[in-house]
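Work through the exercises below with the structure open. Try each task before reading its solution.

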Amino acid sequence: MSRPPNHEFQEWWNKLRANAHTDEHLSTSTSENTGFLTLEINSPTSTAAAAAAEEKDRSRSARQLSWIYLQKLHQIAHSLAFLTSGFISVIRTANRRIATAFSSPQRSQSKFYRIIKFFLLLSLFLLFVELIAYFRGWHFSPPTLEREDLVEYIYAKWLIIRANYLAPPLQSLTNVCIVLFLIQSVDRLVLVLGCFYIKFRGLRPTAEGGEDNVVKEYPMVLVQIPMCNEREVLFSDAAQVYQQSIAAVCVQDWPRERMLIQILDDSDDTDVQSIIKAEVQKWQQRGVHIIYQHRLIRTGYKAGNLKSAMNCDYVKDYEFVAIFDADFQPAPDFLKKTIPYFKGKDDLALVQTRWSFVNKDENLLTRLQHINLTFHFEVEQQVNGWFINFFGFNGTAGVWRIKALEDCGGWLERTTVEDMDIAVRAHLCGWKFIYLNDVKCLCELPESYEAYKKQQHRWHSGPMQLFRLCFNDILHSKVSVFKKANLIFLFFLLRKLILPFYSFTLFCIILPLTMFLPEAQLPFWVVCYIPGLISILNILPSPRSFPFIVPYLLFENTMSVTKFNAMISGLFRLGSSYEWIVTKKLGRSSEADLVAIMESESVPLIENGVLRSSSESGLTELNKLEMNKKMGRKTRNRLYRKELALSFILLTASVRSLMSAQGIHFYFLLFQGITFLVVGLDLIGEQVS
């Protein structure tokens, strides 16, 4: 039998002979028919041609390699130019903001800012002392009290005071904050595990008659849209807030004779009032049962507005009330997806739906807000709603049983979180809540840091006001001990008081101080591992946001100064705790929603036998504002002094940690200080108007 051909050996043999530059070149080839080896003798001419071809391939490979390196150098140069231009732009913007801040009238300094400024001056002084000690080598051989040099004697005395009198109380406070941090982390972990359990078991609330249950006997539903000075978007190119919300409610798939829409306008601007009235008249002409209501005495903010609306005589004819803020756009089947859950559940007071954000990818600020609110709805609201039938009402995108509102005392004007107030009182009266995670209502996120900061201040000062007011009511209520403990320790203390307290105290005060008082130590796992784990848990419900996990961690620590200040002001009834400012929105809408509204708007109106467009009714009012529209909106930015002061504290502490060669602490302080600086210069989010 003949041997099988070996092509690999043939190629190797040919290359070997060619590289040796011999006159004879063996080329082994075997025929498919025979297994013999053949010997081929090449002439010197053919050998020279092969060498020239090989040299040509080498030169071609060298040119290709040079071209690749040139491309890489071009990409590096382009990246460096982009980073340089971005850095210069940031410096110019910061310089412009600082110049504008110094030229503007000075605001009065709050006590909280004075305390932060004191810590800043203290950290700068301590850094100066440590720099002297570092350059004199006292970090390696500390001086003693027996030295004759006065400076060495003072530093030696400082070391004794630091070790015996300052470090022990700081270490005690550090240990307390670490314990609180671990407790809150366990609570967050339990919530995530509860959410996984709900997902794994496929648990969800069910309506009587099944998920596809269609309401046959449509109950009477009252729909309320509280508004107040929705002027921020009147002159923008985006769809206007009041038009979106009114249109979305008016096209609800619900019998018109079984639904009444209340537009509760608290605006003090006559132009805004006129244009909203025109919008209401437009839908009235289309046969929608909608009324416009304006208060002469505007007290109590949103709670007073809702209370006034519920005092109308015709409200007694309605069984349920759905509430939507001005920027919310419910789907046409919203009522059909929520009302059926009340059937057969006489103890059910509230059906809350989830928020969905139309502008979550608008900028970095909205992306970070989306992470927070996604965890709130996906985890906190869903777990609390399923296991204990209670959660904080979100103030909008929910349906209440009117009997439950009346049973717990109705809307009260005592806090800035009227939604949480009514939810707690209803829970104490024995009513139950249901949260629907799969029913979503479109809304907007604030796109400027100014608007977001004011929103967070109200959201964190209000719960502390409410806790003071309802603490005795909780203790003397008839609910079980478990529900009382849940309200006091979990709902209020742990999630509303302890979270902002330890977050600000631990990472903005204690950590910098431990750099200057090294006898008090903050373990690196508290700085690195636990915050990283908690950030991963927070971001799990929105996995697409994982690239923003580090900015999210740093920004949440930055927001702790606002939340801590709000919590303290609400707990001790300071002046800013009762500040209620409407969160400015831009009236953004998804493309599908705009198409749906435009289709509904295309239906003509017939008035006195004359065919005209439905949008014509507000033409007169819009013309009145044409001059203002041409002027455009003026944008401005401001400096945030507390954030800037804290940034310098953290950056000063990072220099001290670098001298001590503390790697983890240095990087954390450095990046956290830079984040505070970016926020303090208002370089995150959009400009405010």
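A charge sits over a ring if NZ of Lys or CZ of Arg is within 6 Å of the ring centre and within 35 degrees of the ring normal. The model used here is predicted.

**Exercise 1.** Find which ring lies under the charged end of arginine 641.

Solution. Apply the rule above. The ring belongs to tyrosine 113. The charged end of arginine 641 is 4.8 Å from its centre.

**Exercise 2.** Classify the ring pair of phenylalanine 491 and phenylalanine 492, then look for a charge.

Solution. Step one: the ring centres are 5.1 Å apart. Step two: the planes meet at 85 degrees, so the pair is edge-to-face, since planes over 60 degrees apart count as such. Step three: both phenylalanine 491 and phenylalanine 492 are buried. Step four: lysine 496 places its charged end over the ring of phenylalanine 491, 4.4 Å from the centre.

**Exercise 3.** Are tyrosine 134 and phenylalanine 135 buried, partly exposed or exposed?

Solution. Exposed means over 50% relative accessible area. Tyrosine 134 has 36%, so it is partly exposed. Phenylalanine 135 reaches 66%, so it counts as exposed.

**Exercise 4.** Determine the strand order of the open sheet and its edges.

Solution. Start with the order: E3-E2-E1-E4-E6-E5-E7, 7 strands with mixed pairing. Strands E3 (290–294) and E7 (432–443) each have a single partner strand, so one side of each lacks a neighbour in the sheet. The twist from one strand to the next averages 20 degrees. Now check one pairing. E1 (residues 221–227) and E4 (residues 320–323) run parallel, joined by 4 bridges. Valine 223 has alanine 322 in E4 as its bridge partner.

Notes: Residues numbered from 1 in each chain as written. Predicted model: local features only at pLDDT ≥ 70, side-chain atom pairs only at ≥ 80, totals over all residues. Heavy atoms only, no water. Pairing = 2+ DSSP bridges. Helix = DSSP H or I, 4+ residues; strand = E, 2+ residues; numbered from the N terminus. Axes fitted to C-alpha atoms, helices over the stretch in contact; angles between N-to-C directions. Buried < 20%, exposed > 50% of the residue type's maximum accessible area, 1.4 Å probe, protein only. Phe/Tyr/Trp six-rings, centres within 6.5 Å; stacked < 30°, edge-to-face > 60°.
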